[in-house]
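My entries follow the display.

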Amino acid sequence: MLESGFCKYVVISYGHNAVSSDSMTTMLMTLGQDEEAFGHFGATGSYALAAQRAMYEFNTGPETWKHIAVGQRKWANLNPLAMTYNRTMSYDDYMNARWLVEPFRLFDNCLVSDGGRAYIVTSAERARDLKHRPVIIAGLGQHNPADFPQSATFLAGPTGAQIAGEAALRMAGITRDDIDACQIYDCFTYTVEITLQDYGFFKPGEGTDWFQGGTIEPGGSMPVNTSGGQLSEAYFMGLTPITEGVMQLMGRCGERQLGPQTGTKAPENILCSDNGGILQCNTTIILRRA
Amino acid sequence: MTMYAKPIPKINEDSRPFWGGCKVHELRFQKCNQCGHVRWPPAIICPECHGKDTVWITAAGHGRVYTYVVYHIAYHPGFKGELPYVVAVVELHEGPRIFTNIIGCSTEEVYCDMAVEVVWDDVTTELTLPKFRPVK
């Protein structure tokens, strides 16, 4: 649309009063079909089914996921906009939280939020003349395996992230080693693990080792979800990860800004993911500092 | 008719033979006459070969737990009295995978690939749910 001249600027936005209305619950509770007769509802149940299969196939579990929940919370504690800015989380807090749908405890689940996000897409040429330093969309990939959760063969991976990630890196002309940080769609902790695993950051089952020692946290070698993400900042669907990727590359992230002040690499390339359904679709975007 | 406090399947023309089978304690699935694929959920064409020639077969009722979860929260008030309960995806020997409950054992005893067999739960005079229990 931009290339053809149909439009000059495109606003991509998301807003929801998910806390103060019942619309999110209503949406989630009407996702289901006949499985409701067996007491199976919403997204937590189906992602928990995926996570359980992954526990069986490559021995992941809460010992891996706690690093994701706690790591992202450390970023949120640097972000005044985050819903959990003033609430720290320890590994014990994670482990002692109540079960919702086992193997998921409370902090494996994302937040429900009132609010919104928006970003503007235009041509690189127009962007050069704007007030803020722009961010370039360097690569894009999509893969949508799409099958029903009960018949899906991708619950324990590879999800759409594998092919979408390869396509995005290819378009950007870089390799995984050139990625400085990731903003991963994180409806659940397990979603972060399987997405990073499918991108090839670690082999199946090696996530526990990879996340050890604060890899994704402030000071870590591969910062992930630096706003706190959907688990600890706010849930605005795919807009939570992508807007954070853009803001980081623009250098507008205050106390949580990637670079020397958070003991991380000043980012040139940030990988962002979006995910839909029950791991049924993936979009991967590589953002680059202009 | 019994007062039944849980959600009931939204039966349509595609799924009516399945639920009608449950009523008489038979697990019925569509089988493609072109490629032999046994499918669920029901559809007018085969997801494997797009063939339209379909027959309904009766599955023997044996399978394995592909994956499962334990609900500790009742998202619907009808399930409050059952917590904790197990929701599973069971893969039948004939191929299809279906949502169900695992009953007849504790929640801790369930595991992926556990051998299970169908057990019929006549929840109302109109509705029978196929549930599964461990094979003894």
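**Notebook: pocket and interface**

I looked up the second largest pocket and found about 1,000 Å³ of space in it. A pocket here is an open set of points on a 1 Å grid over the protein atoms alone, where a 1.4 Å probe fits, with protein on both sides within 12 Å along at least five of seven lines; lining residues have an atom within 4 Å of a point. The volume is the space filled by probe spheres set on the points, which are joined across faces, edges and corners.

I noted 39 lining residues, with Tyr119(A), Ile120(A), Val121(A), Val135(A) and Val246(A) closest to the centre of this pocket. Among the elements giving two or more residues to the lining are strand S4 (114-122) and helix H10 (239-250) of chain A. Helices (H or I, at least four residues) and strands (E, at least two) are DSSP runs, numbered from the N terminus.

The model is predicted: local features need pLDDT of at least 70 and side-chain atom pairs 80 or more, while totals for chains, interfaces and linings use all residues, and side-chain values use heavy atoms, without hydrogens and water. Residues are numbered from 1 along each chain, with chains lettered from A and ligands numbered from 1 as written.

I then turned to the interface. In contact (heavy atoms within 4.5 Å) are 31 residues of chain A and 31 residues of chain B. The two chains bury about 2,900 Å² between them, 61% of it on carbon and sulfur atoms. Buried area is the accessible area (1.4 Å probe) lost on putting two parts together, summed over both.
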